[in-house]
Amino acid sequence: MVGTLRWAWAQLTSMRTALLLLLLLAVAAVPGSIWPQRSVDSAAVDRYQQDHPELSRVLDALQMFDVYSSPWFAAIYLLLFTSLVGCIIPRTKVYLDGWRQQPPAVPRRTTRMPGHRVVDLPGADVESTAAEVAALGRSRRYRVREETRAEGVREVSMETGMLRELGNLVFHISLVGVLVSVALGYLFGWRAEVLVVEGEEFTSSNGRYDTLSAGPWVDTRDLPDFRLAVDEVDVDFETDPDAGKGQFGAPRRFEVDARFDDGDGERAQKFTVNAPLSVGGARIYLLGNGYAPEVSVRDAKGTLLYREASPMLVQDNQYTSSGAFKVSAGAEGEQLGLAGLFLPTQAITGDRGPHSTFPGLADPALVMTAWQGELFPGGRPQSVFTLNTDRMKQVQGKDGTPVRIFLRPGEEYELPGGRGTVTFEGVRRFAGLTVRHDPGQVPALVSALTGLVGLVMTLTIRRRRYFVRIVPGEGGARVEMAGLAKGHDPTVAEGVDALHTQLTQRLGTARAQDEEN
C-alpha cells in the first residue's frame, strides 16, 4: 500500500502530469466561453434555457452554466496546484544544491564530446595557461573549478546557464501564483450588477443590487458605500448604410453623465466603457445600455395607479427589447400586467412580426398584451423583465380576441371592460453597471508577467559546461578543450570555438605583457 501511494505521488508530482493537468484545465475552461455563465450574465442563461429547453437540462446537470465553480473544475484546479507544488519543492532543493556545489571535474575522456579540439601553444607554460583559462571563465561569469589531476597537468571546468533552471522554476512558481490569485479572487472577490435609468440614482447597499455574487469569505455588509445618479446616457449608432458589412446600427459612442458621491462630496463624473470608476477597492464598470419606456396606468376614474420607466431586455442588435409593466395597485386577483416589446425603430412584417430595424429612436413604439390576475403568486420574487401569467388571464376585447396594444410616445389606449387607460409617456435610457472587487487581479497580472520572464529565460539561456585540460607539450603547453550541453544544443561546438578564440587572444596579450616586463 505504501509503495502504491509513493508511486501515485511520484506520478502526480511529475512534470509530465503537471503539463497534462494544465492542458486539461485549459480544455475544461472552454465550455465557459461557449455557453453563458450565471456568474457573468444570468439573464443570458435564462434566455438560452428558454430557447433550448431540452439541451439546457443536460447542460445544467453537467454544470456547464457554472463551469468555474463546478466540483469537476475545482478538482482539476486543485490537482494542478498539488502537482506544481510537488514539482517545485524538490527541484528547488536540487537547484540550490547545484549552486553550492562546484562544477563537475573534467572527464578522463573528452574526445567524443562536441567541439573537442587540441591546441598547441608554443612558449606557454601550464600554470599561466590554466590561470588564463580560469580568468577567462570568471570574466564571462562562469562557475569555475580548478584542479591538478597529476604533476604538471592542470584542469579547468566551467559551467554556465544556471539561470535557465532558475527561469524554469520561476515559470512554474508563477503558475502557482496565478492559481493562488484566482483562488483569492474567488474567496474574497465579489461582483454586483444594477440597472440605473436616466434621472434616477442608486445607493449602494446589499439589497439594492439586481444581482450580487460574493465569495464565501466575503461579508456583504462591508460593501463600499456610494451614491450614483445617472443624468444622461449618451449612445450613438452608425447611420451610414455604406459603412461596411454589419456596421449599420453598430454602436459608436457610449458615455454616461453622472453625479457620484463616495463620501467625499458629490462631483460630476463622465465615464465610458473603458474608464471605470474606483471606490473602496472596487471598480464600477459601464457594462451595457438599453431603453426604459415610461408607461402610466389610470383607472376608469382617471386616478393614477402606476407610472414608471421599466427597463427592457435587449433581444438583438437592433435593440428589439422585451419587458413587462406590473401594476400592483389593484385589488388582489385583479392586478394588471402588461408584457410585450419595445421597438426603437418599429416595423411589422408578416414573417417576423413586430421588430426593430435600427437601434436608435427613429420611430419608437410599444407592442403589448394585457393580463389580469395575481402578479406575484405566493409572494415569490421574479424577474423585472418577465411577467408570470400562471394565475392571470389575458384581457380580451369585445370580440373575444386578446387585446393587442400598439402605442407611440404620447398615445393612450383604453382597456376594455372599464379597466382604465394605458399611456406611453416617453422613453428613457438606462445604464447597466457592474461593480466588481477582485483582490487577485493584480497578483495574477504580476504572476503572469513574472512567468513570461521565466519562460523567456528558459528558452534563451543555454546550460553548458566547458572542460579544459592543460598538459606540457613540446616547447610549450597543449590545451585540450570540449563542451557539453544539458539538453539539445547544436551550437556547443561554436561555443568551444569562441572560447578558444578568446583564450588565444588573452594568451597573446599575456605573453606580450611578460615580454615588456
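Start by looking for salt bridges between domain 1 and domain 3: the count is zero. Keep in mind that this is a predicted model. Polar contacts do turn up between domain 1 and domain 3, in two residue pairs, both at pLDDT 80 or more.

To find these parts, colour the chain by domain. Domain 1 is 1–99, and domain 3 comes in two pieces, 167–188 and 439–453. The other two are domain 2 (103–161 + 462–515) and domain 4 (190–437).

Twelve residues from domain 1 and ten residues from domain 3 make the contact.

How much area is buried between domain 1 and domain 3? About 1000 Å², with 83% of that coming from carbon and sulfur atoms. Next, select Y77, L84 and I88 and show their side chains. Together these three give 47% of the area that domain 1 buries against domain 3, more than any other three residues.

The largest share, nine residues, belongs to α5.

Time for some annotations. An unreviewed UniProt entry puts the feature "transmembrane region" at residues 72–90, 169–190 and 442–461. Select 169–190 and you'll see 91% helix and 5% strand, with the end C-alpha atoms 32 Å apart. Then select 442–461, where the span is 95% helix and 0% strand and the end C-alpha atoms lie 28 Å apart.

Last stop: zoom in on Y186, which sits in helix α7 (residues 162–188). What does Y186 touch, leaving aside its neighbours within four places in sequence? Select G215 and P216, and you have the residues in contact with Y186.

Notes
Residues numbered from 1 in each chain as written. Predicted model: local features only at pLDDT ≥ 70, side-chain atom pairs only at ≥ 80, totals over all residues. Heavy atoms only, no water. Domains from an automatic or database assignment. Contact = heavy atoms within 4.5 Å. Buried area = accessible area lost by both parts, 1.4 Å probe. Salt bridge = Lys/Arg side-chain N within 4 Å of Asp/Glu carboxyl O. Polar contact = N/O pair within 3.5 Å; in protein donor to acceptor, adjacent residues only side chain to side chain. Helix = DSSP H or I, 4+ residues; strand = E, 2+ residues; numbered from the N terminus. UniProt positions renumbered as here; feature names shortened; annotations may be inferred.
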